[in-house]
Amino acid sequence: MNRIEVKQARYHSRLLCVVGLLLTAFSWAQAEPRDAEEIVARNCLGCHTSGAGGAPRPQHLGDWQALFSRYSEQQVVDHAYEGRGRMPARGFCSDCSRDDIARAIEVMLPESMRGRIVAE
Ligand code: HEC
């Protein structure tokens, strides 16, 4: 290899490195889950804090016990994701995934029920 070829080789390996970093950053940004607390504050508490229309209130054990006595965890997530009765689909969070909704529900569960929907 002459000097120019060595320079080119170094340049190429640096370029590859930058491309690699960009790809990593991009996939990381894509996979980054939405912050559940933020979703709840923005999309859920408006209705759920008061419990209007039968919405289970955050951290109210009785409300959630009554719910889980009727439905499985999966059904509860389905209802919140697809909507049911006066519960609007995804609480109007149109870009929330099913997983985002599951984690948002988890945030509203009382302490003693944590881990019931999304295992930590
Ligand atoms: C416009 C008001 C409103 C918003 C916004 C809202 N909810 Fe609800 N939600 C309700 C009501 C009312 C019910 C009770 C529905 C019923 O029993 O028919 C309910 C029920 C639920 C249930 C119980 C579902 C079941 O199995 O019956 C879950 C879980 C739930 N909401 C989660 C959420 C989450 C998570 C968000 C935010 C992403 C959210 N809700 C936003 C009003 C709302």
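Which residues of H5 are buried? Before we get there, a word on what you are looking at. This is a predicted model, in which local features need pLDDT of at least 70, side-chain atom pairs count only at pLDDT 80 or more, and totals for chains, interfaces and linings use all residues. Residues are numbered from 1 along each chain as its sequence is written.

Let's start with the overall layout. The protein chain has five helices and zero strands, giving the pattern α-α-α-α-α along the sequence. Here helices (H or I, at least four residues) and strands (E, at least two) are DSSP runs, numbered from the N terminus.

Now for the opening question. In H5, the buried residues are Ile101, Arg103, Ala104, Ile105, Val107 and Met108. A residue is buried if 20 or more other C-beta atoms, placed from the backbone, lie within 10 Å of its own. Of the 120 residues in the protein chain, 20% are buried. Those in H5 pack against H2 and H4.

Finally, follow Val40. Beyond its neighbours within four places in sequence, Val40 is in contact (C-beta atoms, placed from the backbone, within 7 Å) with Leu45, Ala104, Val107 and Met108.

Notes: Contact = placed C-beta atoms within 7 Å. Buried ≥ 20, exposed ≤ 12 C-beta atoms within 10 Å, placed from the backbone.
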